[in-house]
Amino acid sequence: MSLHDTLIYINSTVESISSQFTRLPGSSIILRYVRSSYQNDPARSVLEFCLFLFAVRYFLASKYSVTKKDFVRLTDGEIDELVDEWTPEPLVPAMDEASQTDVDKIPVIVGATGPKVKLATGKSAMNLASANMLNLVSNEQIKQDAINTVHEYGVGVCGPPGFYGYQRVHINAEKDIAAFLGMPAAIIYAQAFNTISSVIPAFAKRGDIIVADAACNIAVCKGITISRATVRWYEHNNMEDLERVLERVSKEVKGRPLTRRFVVSEGLFENIGDICNLPKILELKDKYKYRLILEESFSVGVIGKTGRGVAEYYGVDATEIDIISGSMANTMVAGGGFCVSSEYAVKHQRINALGYVFSAALPGYLAKTASNAVAIMTTSPELFSQLNANARAFREIISKSQYVYSPSDPDSPLIHLRLKSEILETRKIDDEDHVLQDIVDECLYNGVLITRNKYVQSAENFPILPSLKVQVTTGLNKKETEKAALVVKAAISKVVAKIPKAKH
Amino acid sequence: MSTYSSAVGSVVANKEERRRRSSSIISHVQPETIEEQIDQAALPNLNANWVHNKGAWIIHFVLIAGLKIFYDLLPGVSQELSWTLTNISYVVGSYIMFHYVTGIPFEFNGGAYDNLNMWEQIDDGDQYTPTKKFLLGVPIGLFLVSTHYTHYDLGMFVLNCIACLCVVIPKLPSSHRMRLTVPEVLSSTRES
């Protein structure tokens with residue numbers, strides 16, 4: 001074919017295409033658009049055309065996923081094979097020797113609990129292993145009221161508070177607790193452990209900052225983990241370290257969007273028994289613009305002249321603490337937990353705290369019991385001076401022991417006893433828990449029921465030192481408490497003295 | 001207290017969501033941690049899923065028409081200016097909505113999407129999905145139309161073109177999870 005023929009062919013093709021094109025509906029608009037847009041400006045037209053081409057390319061591209069597919073598709077045969085191969089593990093694994101001993105050593109109480117209990121072995125013992133510090137467990141009025149409430153409200157509500165579970169007794173208990181602690185409002189939860197671990201995530205979210213005491217109990221730690229907030233720990237009760245951490249955080253967040261920030265501490269530390277330095281924490285949290293969440297499970301109804309907890313202990317106004325949570329299962333001898341704070345913070349929890357929204361409400365009789373316990377605490381403040389006197393009497397005697405020391409506060413009725421480090425060294429004690437268990441057994445043999453501090457180390461963030469846990473109660477008078485202290489002291493001496501000193 | 005000190009991390013180390021070469025103003029959002037992935041998968045992303053609805057597509061044209069009518073009603077605004085303003089308003093609005101604001105306004109997954117803007121949340125970050133094609137087509141179409149009706153005035157053309165590119169470039173697959181850092185911010189973060 002010659003060049004001429006080719007040109008004629010091309011020409012005719014173009015002509016036929018353009019005649020076809022003009023026949024298309026709307027083609028005149030496109031032609032007009034192209035003609036008018038050219039306007040002797042080829043550069044701009046090229047740019048527009050490129051943009052158009054790009055859009056077309058984008059539309060024609062096929063979808064792809066940016067997330068990697070990290071799973072294998074199995075055939076039915078392979079699935080069957082895997083199912084056949086699978087042998088289920090037992091739901092409850094067989095216990096190892098240590099846990100078996102732990103279980104065997106648990107004493108069994110016959111009848112009601114109280115300051116003096118009867119054991120299944122037939123012996124009776126003074127009970128210093130229960131959180132019944134004000135001995136409200138033995139209060140007949142509380143028992144009778146609980147029975148009456150069961151008759152009126154039944155044993156439980158079987159529904160969360162937002163769904164038929166919120167009854168008059170709950171409303172009253174909330175009012176009573178708020179009034180007792182001098183705070184604007186209160187909310188009660190069905191479970192003590194879930195209280196603080198719901199309160200923290202209700203307020204702190206991912207990106208928020210929590211500065212927490214390293215010795216906080218496991219409920220607090222779980223709450224912090226669930227919240228997904230960024231957590232920074234400060235050394236236990238070390239206010240210089242707290243200030244250092246706050247200072248560092250404030251430098252790091254400079255120029256970043258403002259997020260919620262909380263200081264979290266326990267009032268009376270469950271695993272140590274000492275009391276947080278509240279005035280200094282309040283000073284620092286105000287200085288660095290944080291809010292304070294205080295976990296007072298072991299301090300409300302325990303310390304302070306009239307049992308109002310750490311705030312009263314230091315003579316601070318409780319409203320300066322933003323959020324206080326606590327347990328009604330300890331000295332209030334009921335069950336569940338409470339959180340007191342401002343009206344707004346309480347309302348927020350009613351729709352945002354997981355433990356409140358999704359748990360069946362506290363049984364009515366427990367709410368009534370908590371109300372009654374608070375009423376007794378209000379009308380008989382002498383209980384707390386008795387409790388304090390007992391605690392100090394116990395400490396007085398136990399401090400003379402050459403084998404143990406107590407990290408707990410002298411005012412705390414929750415007393416931890418640890419073996420002195422020089423004893424551990426000179427006697428080469430590796431399994432401290434075993435020695436402590438022997439002491440507990442020896443005490444029980446002599447009629448005093450105490451316990452080791454029990455925890456799951458693998459679930460904790462920081463190591464907890466093994467200790468004996470003694471909870472003094474007003475159910476025993478001063479003489480009996482002193483007698484119990486002497487028994488504990490003697491038991492410690494007897495067990496430790498039996499362990500030979502290591503030769504150097 | 002050795003365990004204690006090792007557990008004390010830095011807020012920035014935990015929160016550092018961007019990886020950046022020294023002196024580069026371009027950075028990429030770090031891949032999600034396993035916890036964040038779990039939280040993201042916990043519930044459908046209500047913040048990003050509504051863009052697939054028919055109404056969500058139609059509303060773009062409704063808004064553009066509304067803007068055009070609004071600017072036409074203003075006294076003293078010429079047709080050229082009215083089209084340019086319409087284009088720019090639409091572009092600014094969609095930039096803020098799809099590319100500037102990060103995270104989710106509602107609380108249902110513990111802030112697992114806090115580092116991602118809405119464009120990156122749509123279709124879990126998949127590219128070339130129908131909705132993304134539509135959302136990219138609208139500003140390009142609007143640009144072509146508005147340059148046509150501004151009668152190819154050079155100033156208006158440049159304005160419209162820049163505005164268009166501002167929303168087209170962030171939508172490209174290569175811009176996925178990319179962030180530009182303003183130099184002042186860079187120097188302040190380098191200090192800490």
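A residue counts as buried when its relative accessible area is under 20%, and as exposed when that area is over 50%. The exercises below apply this to a predicted model.

**Exercise 1.** Decide whether Leu242(A) is buried or exposed, and describe its surroundings.

*Solution.* Begin by placing the residue: Leu242(A) belongs to helix H11 of chain A, which covers residues 239–252. Next, take its relative accessible area, which is 0%, and because this value falls under the 20% limit, Leu242(A) is buried. Finally, look for its contacts while setting aside neighbours within four places in sequence; these partners are Val211(A), Tyr234(A), Ile281(A) and Leu284(A).

**Exercise 2.** Describe how chain A is divided into domains, and how far apart the C-alpha centres of these domains lie.

*Solution.* First, note the bounds: domain 1 of chain A is made of 97–136 together with 381–498, whereas domain 2 covers 154–379. Then turn to the C-alpha centres of the two domains, which are 27 Å apart. The contact between them draws on 27 residues from domain 1 of chain A and 30 residues from domain 2 of chain A.

**Exercise 3.** Characterise the interface between domain 1 and domain 2 of chain A by its buried area and its polar contacts.

*Solution.* Start with the area: the two domains bury about 2,200 Å² between them, and 62% of this lies on carbon and sulfur atoms. Continue with the pairs across the interface, where zero salt bridges are found, while seven residue pairs are in polar contact, both residues having pLDDT 80 or more. Last, consider the side of domain 1 that touches domain 2, where H17(A) gives the largest share, four residues, and where the classes are 14 nonpolar, seven polar and six charged residues.

Technical notes: Residues numbered from 1 in each chain as written. Chains lettered and ligands numbered in written order. Predicted model: local features only at pLDDT ≥ 70, side-chain atom pairs only at ≥ 80, totals over all residues. Heavy atoms only, no water. Helix = DSSP H or I, 4+ residues; strand = E, 2+ residues; numbered from the N terminus. Buried < 20%, exposed > 50% of the residue type's maximum accessible area, 1.4 Å probe, protein only. Contact = heavy atoms within 4.5 Å. Domains from an automatic or database assignment. Buried area = accessible area lost by both parts, 1.4 Å probe. Salt bridge = Lys/Arg side-chain N within 4 Å of Asp/Glu carboxyl O. Polar contact = N/O pair within 3.5 Å; in protein donor to acceptor, adjacent residues only side chain to side chain. Nonpolar A, V, L, I, M, F, W, Y, C, P; charged D, E, K, R; others polar.
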